[in-house]
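Dear colleague,

Please find the structure below, which I am handing over to you together with my notes.

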Amino acid sequence: MDSATLLRPGAAIDTEIKYLVPTSRINRRFWAPGAEYNTGVYDFYPATIRNARLRDTPPTLDEHGFCLAKHPTKVTDFADADTLKAIYPAEVEDVAKRLTGCDFIHPMGGQLRSPVVGAAGVQPPAAEAHVDFNTPTANAIAKVFYDQMRPDGPGYDRFLCFSLWRTFSPPPQDWPLALCEGPSIGEEDSISNYKVDVDEIPTGADLFAPIPGEEKLLAATIFKYSPGHRWWYYPDMTRDEVIFIKFHDSDHSRAWRSPHTAFHDTTRPDANVRRSYEYRAIAYFEKKG
């Protein structure tokens with residue numbers, strides 16, 4: 001195999017994606033200082049992940065729930081927390097305004113990820129199909145943050161919880177991001193995964209004991225497998241590219257979310273270790289007049 005072949009991504013990758021199994025009934029993610037435990041039961045299911053760069057028309061936010069954009073950053077070191085705090089929120093807002101037409105954003109913070117966790121603050125890539133918020137969580141945090149930022153504001157007609165994802169390791173990456181077309185996911189595939197904050201991780205039957213008010217806890221959405229899910233990825237990403245991912249768009253006439261997960265691309269023996277940075281925020285579209 002010559003070097004040109006090694007460096008050429010294919011039209012699609014036949015691989016596996018981790019989903020919640022249908023028999024997983026009580027789904028919680030317990031968080032304690034220095035530890036976490038997920039009660040959900042997952043397994044790998046076959047998936048074809050297609051090369052989005054080869055589409056006749058690129059994916060769009062309103063039709064698919066995600067898109068690729070060019071955005072050079074002034075950040076030179078994503079491990080420098082002070083620099084990130086000073087520079088990156090304004091850059092994220094610029095991208096959000098350009099791509100969505102929003103009025104402003106509420107920045108929520110970022111996360112470094114790499115399959116090689118060699119420093120404080122670095123987490124491994126998320127390994128199962130998920131969206132970071134379920135609908136009640138998105139509605140609740142959008143209201144709380146708007147009221148904090150704009151106590152005398154006119155209110156909003158629409159909000160959009162999102163992530164701006166960027167890799168800063170050279171292409172190709174060993175664990176790229178797979179993105180699912182929002183309209184290919186049904187409510188019947190969607191399950192809330194509640195976040196439970198505790199001092200110590202419970203054990204045995206206590207993991208599944210009733211929790212009063214559980215339905216009001218913050219929660220992500222996890223998914224059961226369906227062969228109709230349509231998955232895409234962007235091979236060979238550069239540090240000047242970003243993926244805008246919808247977690248929740250309050251306007252459900254559009255593609256309003258995009259499940260996503262990392263996957264191990266074993267088709268690229270020339271792959272570099274992925275290092276990425278994702279930044280969460282909420283975009284607001286205020287009432288006019």
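Which residues of α3 are buried? They are L84, Y88, P89, E91, V92, V95, A96 and T100, where buried means under 20% relative accessible area with a 1.4 Å probe, protein chains only. This is a predicted model, in which local features need pLDDT of at least 70, side-chain atom pairs count only at pLDDT 80 or more, and totals for chains, interfaces and linings use all residues. Residues are numbered from 1 along each chain as its sequence is written, and side-chain values use heavy atoms, with hydrogens and water left out.

Helix α3 spans residues 81–100; helices are DSSP runs of H or I with at least four residues, strands are E runs of at least two, and both are numbered from the N terminus. From first to last C-alpha, α3 reaches 27 Å, close to the 28 Å expected at 1.5 Å a residue (1.5 Å times one less than the number of residues). α3 bends by about 40 degrees at I87, with P89 following within four residues; the bend is the angle between axes fitted to the seven residues ending there and the seven starting there. The cover over its buried residues includes α2, β6, β9, β14 and β16. Just after the helix, G101 has a positive phi of about 80 degrees.

With kind regards

How values were computed:
Buried means under 20% relative accessible area, exposed over 50%, partly exposed in between (1.4 Å probe, protein chains only). Contact means heavy atoms within 4.5 Å.
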